[in-house]
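The sequence and structure follow.

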Amino acid sequence: MGVLVNKDTKVIVQGITGKQATFHTKQMLAYGTKIVAGVTPGKAGQEVEGVPVFNTVKDAVEATGATASVVYVPARFAADSIMEAVDAGLDLVVCITEHIPVQDMVKVRRYMEGKKTRLIGPNCPGILTTDEAKLGIIPGNIQKKGHVGLVSRSGTLTYEAAFQLMNAGIGVTTAIGIGGDPVKGTDFIDALELFKNDPETKAVLMIGEIGGTAEEDAAKWIKENMPDKPVAAFISGRQAPPGKRMGHAGAIISGGKGTAADKIKALNGVGIEVADTVAHIGETVVDTLKKAGIYDECHTC
Amino acid sequence: MNIHEYQSKAVLKSYGVAVPEGLPAFTVEEAVENAKKIGTPVVVVKAQIHAGGRGKAGGVKLAKNLDEVKSYASELLGKTLVTHQTGPEGKKVGRLLIEAGSNIKKEYYLSFVIDRQTARVVMMGSEEGGIEIEKVAAEMPEKIFKEYIDPVIGLAPFQATRMAYNINIPQPAIRKATKLMTCLYNAFVGKDCSLAEINPLVVTAEDDVIALDAKLNFDDSALFRHPDIEELRDKSEEDPKERRAAEAGLNYVNLGGDVACMVNGAGLAMATVDIIKHYGGEPANFLDVGGDSSPEKIAEAFQIMLDGGQAKGIFVNIFGGINRCDAVAAGIVEAAKIISDDGKSLPVPVVVRLEGTNVEQGRKILQDSPIANVIMAPTMEGGAEEIVKRVKAAQ
């Protein structure tokens, strides 16, 4: 189980002939992901790691019946690639590419209105359903099977968290990296809703950071909609000065909004425990599971 | 990326936004010369720095004659202005804007930003102009009006008109106000801005609507399609270390303390700054070395952290995903070769925590080429505590 993808999901890699994409196609295949096609205009007929390449997403879908794609296309062309995948009627598009102009993403979001496709990212590490499939760049060896859903705005913190959970004997259903950009396809509430409806997921770990108010909105949503699944959290950027962009385009405190203190306060306010340092994410989850009486059930590895 | 007010006004003017007549000046002579050219009874001498709050800090002066222009220009050029946005160290004034004085009847606020939740450009306006919008938002939220813009349609005329009436622009100035809004939106989209803020927007005694101040910020990810904007970059406004890091493809923010860190990934880098502070250290920087660290890049990162004697200790915190631990370890060895005379030491304690891809190879590299001052940390928590302890002991 898990959410969004499983071992049967047929996946296209957009930009498959690029260096990073080729490397990660190999990794995704090794994990067991059903990569059925690649897309690079002008490269139809070639193969990458045994995967046939097509000129367009439409051709790839018609030939293979794929329902999902992962985008590694360079930033200045990536927005167009997402729209191509949406146009081809895919259920899911995961965009790894970083540095896509924000106003390009505004157009993408407008284009997606009324269409069925779900977008994850951009500027994200992708998603990984344990022992089934991975779309993106999350290392496969640090996440064990279990009952905690993981959703994060940061790539490396996703790995760090999965690793700490593994060391604490806590397994994960699906890890979703939603990405560090201000305008993106899927936010915390969307991911939480997926976990809410997944019977395998018994609890959620949410990793946020400064900038915007998505964590505050999620806190409110959890209180109103998901009282039965405990949530633990971590927020990075407590020491970030206002007005300075901390790496991610979305990680900036501006107009007095988006501070770590605000987010921690909002989460604590609805009974969510927030790890005091990045080193205590695993412990905080264990603590939350114990308080909810589901630690034994979630101690799966 | 930020630019100066006079540059923002030039960009906006090219889109048809009404701005006061003005000319930049880099010297006192130029200031007087430009005031003569403008020739209005009152000219404004405005310090050009990348920070708001200049008026309150004494960076904006009204001059009634050329002697006053001369004396204000002499006073401001070279002066360090401390505003609520510059930090206590302030910013040195190297440029002035000499501008025609305006006959202000009332001040308003107008801006465009991108709203994360709706994924739309939003126009915000208020009749409470000339004060910080955060203050208005906190004290009189009902005085802020918003219009969410469909990117396919652009700013619809009815939206601009509604905004103009909502913020109580006087009837004779309505058309001029809506034109300014439309032009400002076109500039925002045309140049990939992340912020376009006019504070104050003014209606003059003659019922003209002009942008008395202008602040544009640009999306760094879109600069590739705006070489004209990239050219406006004033490097003297940027932290020299941040500039050097950007040139090396490193994501670095100077935080002023003495416990440095080098991390992969923005989220983990922020969290590492936080954990240094948690254990009582003063973070020197945020530094994300990114996903493809060559040894040369790591070595450059070390030199930037150590430059000027700022870092008294360095915490290397790597979780190898795309980034391989062996490449980072090789980078540390490379840094020691470049930085020290004997090629086998670093000038300050360096605590290294490696985890993830190729961690064993990474640890082996550091064991095989021992560098004086490099300490391996078994855990992140232990590493953070260790570096803070060592920096404190050295003081």
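## Strand pairing

Two strands count as paired if DSSP finds at least two bridges between them. The model discussed here is predicted. In chain A, strand β3(A) is joined to β4(A), residues 51-54, by 2 bridges, and the two strands run antiparallel. Within β4(A), Val51(A) is the bridge partner of Val48(A).

In general, strands of a sheet pair through backbone hydrogen bonds, either parallel or antiparallel.

## The sheet of chain A

An open sheet of 7 strands is found in chain A, with mixed pairing and the order β3-β4-β2-β1-β5-β6-β7. Its edges are β3 (47-48) and β7 (118-120) of chain A; each has a single partner strand, so one side of each has no neighbour in the sheet.

Two helices of chain A are described against this sheet. Helix α2 of chain A, residues 57-64, packs on the sheet and touches β1 (10-14), β2 (34-39), β4 and β5 (68-71) of chain A. The direction of α2 makes about 145° with that of β2(A). Helix α3 of chain A, residues 75-87, also packs on the sheet, where it touches β1, β5, β6 (92-95) and β7 of chain A. The direction of α3 makes about 170° with that of β6(A).

## The contact between the chains

Chain A contributes 45 residues to the contact and chain B contributes 44 residues. On the side of chain B that touches chain A, at least two residues each come from elements including β8 (120-126), α9 (266-278) and α13 (380-394) of chain B. The most come from α9(B), which gives 11 residues.

Sorted by class, this side of chain B has 22 nonpolar, 11 polar and 11 charged residues.

How values were computed: Residues are numbered from 1 along each chain as its sequence is written. Chains are lettered from A and ligands numbered from 1 in the order in which they are written. This is a predicted model: local features need pLDDT of at least 70, side-chain atom pairs count only at pLDDT 80 or more; totals for chains, interfaces and linings use all residues. Two residues are in contact if their C-beta atoms, placed from the backbone, lie within 7 Å. Helices (H or I, at least four residues) and strands (E, at least two) are DSSP runs, numbered from the N terminus. Ala, Val, Leu, Ile, Met, Phe, Trp, Tyr, Cys and Pro count as nonpolar, Asp, Glu, Lys and Arg as charged, and the others, Gly among them, as polar. Axes are lines fitted to C-alpha atoms, for helices over the stretch in contact, and angles run from 0 to 180 degrees between N-to-C directions.
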